[in-house]
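Here are a few notes to go with the structure you're looking at. Keep it open beside you and find each residue as you read.

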Amino acid sequence: MKNWMLTIGVFFFALSTQAQSVVGKWKTIDDETGEAKSVVEIYEKSGKIYGKVVEILRESHKKDLCSKCDGADKNKPILGMIIINGLKKDGSEYNNGTILDPTNGKKYKCYISLESADKLKLRGYVGISIMGRTQYWTRVKN
């Protein structure tokens, strides 16, 4: 009986910690219009966090290219592009990486943290965190 109760406890603990992870699919929201723009899949690779655009929600933008990007990303499709790069866990947030804004082609330092199981806070900035912009993304339910 004790083993069975322990198994159930471990199962529910695993479910609760998974729900508290930044890993998953997130709907991005336009700062100005409040309109959903895309879905970004956040994943872990070699202990770092990355985010890739896996769906573009606005029909008129589905084939957009990153025309203002530099280097290897110049004129590449935004769909499939890795926009969050190399974040490392630091307590309750992930930082020391970058985020790319495909609209203006600029890369920013960034950090992300969970506001709740289904709400992700992203802060992109230049120099110090106070000189930046915050977005909130919502988790996509399967």
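**Notes on the cysteine link and the charged pairs**

1. Start with the cysteines: Cys66 and Cys69 are joined by a disulfide, with 1.7 Å from S to S. Bear in mind that this is a predicted model. The structure has one disulfide, and its two ends, Cys66 and Cys69, are both buried. If you look along the link between Cys66 and Cys69, you'll find it is right-handed, with 55° about the S-S bond.

2. While you're on cysteines, take a look at Cys110. Is Cys110 buried or exposed? With a relative accessible area of 1%, Cys110 is buried, because the cut-off for that label is under 20%.

3. Now for the charges. Side chains of opposite charge can pair when their charged atoms come close. How many salt bridges are there? The count comes to five, and the next points go through some of them.

4. Find Arg133 and Asp31. They form a salt bridge, and their closest N and O atoms are 2.7 Å apart. Arg133 sits in strand β8 (residues 132-139), while Asp31 is in the loop between β1 (24-29) and β2 (36-45), so this pair ties together parts that are 102 residues apart in sequence. Both partners are partly exposed: Arg133 has 44% relative accessibility, and Asp31 has a relative accessible area of 38%.

5. That pair also belongs to something wider.

6. Next, go to Asp118, which forms a salt bridge with Arg139; here the closest N and O atoms are 3.5 Å apart. Asp118 lies in the loop between β6 (106-116) and β7 (119-125), and Arg139 is in strand β8, so the pair ties together parts that are 21 residues apart in sequence. Asp118 counts as partly exposed at 30% relative accessibility, whereas Arg139 is buried, with a relative accessible area of 17%.

7. Stay with Asp118, as it also forms a salt bridge with Lys141, with the closest N and O atoms 2.7 Å apart. Lys141 is in the segment after β8 and Asp118 is in the loop between β6 and β7, so this pair ties together parts that are 23 residues apart in sequence. Is Lys141 buried or exposed? Lys141 is exposed, because its relative accessible area is 59% and the cut-off for exposed is over 50%.

Technical notes
Residues numbered from 1 in each chain as written. Predicted model: local features only at pLDDT ≥ 70, side-chain atom pairs only at ≥ 80, totals over all residues. Heavy atoms only, no water. Disulfide = S-S within 2.5 Å. Buried < 20%, exposed > 50% of the residue type's maximum accessible area, 1.4 Å probe, protein only. Salt bridge = Lys/Arg side-chain N within 4 Å of Asp/Glu carboxyl O. Helix = DSSP H or I, 4+ residues; strand = E, 2+ residues; numbered from the N terminus.
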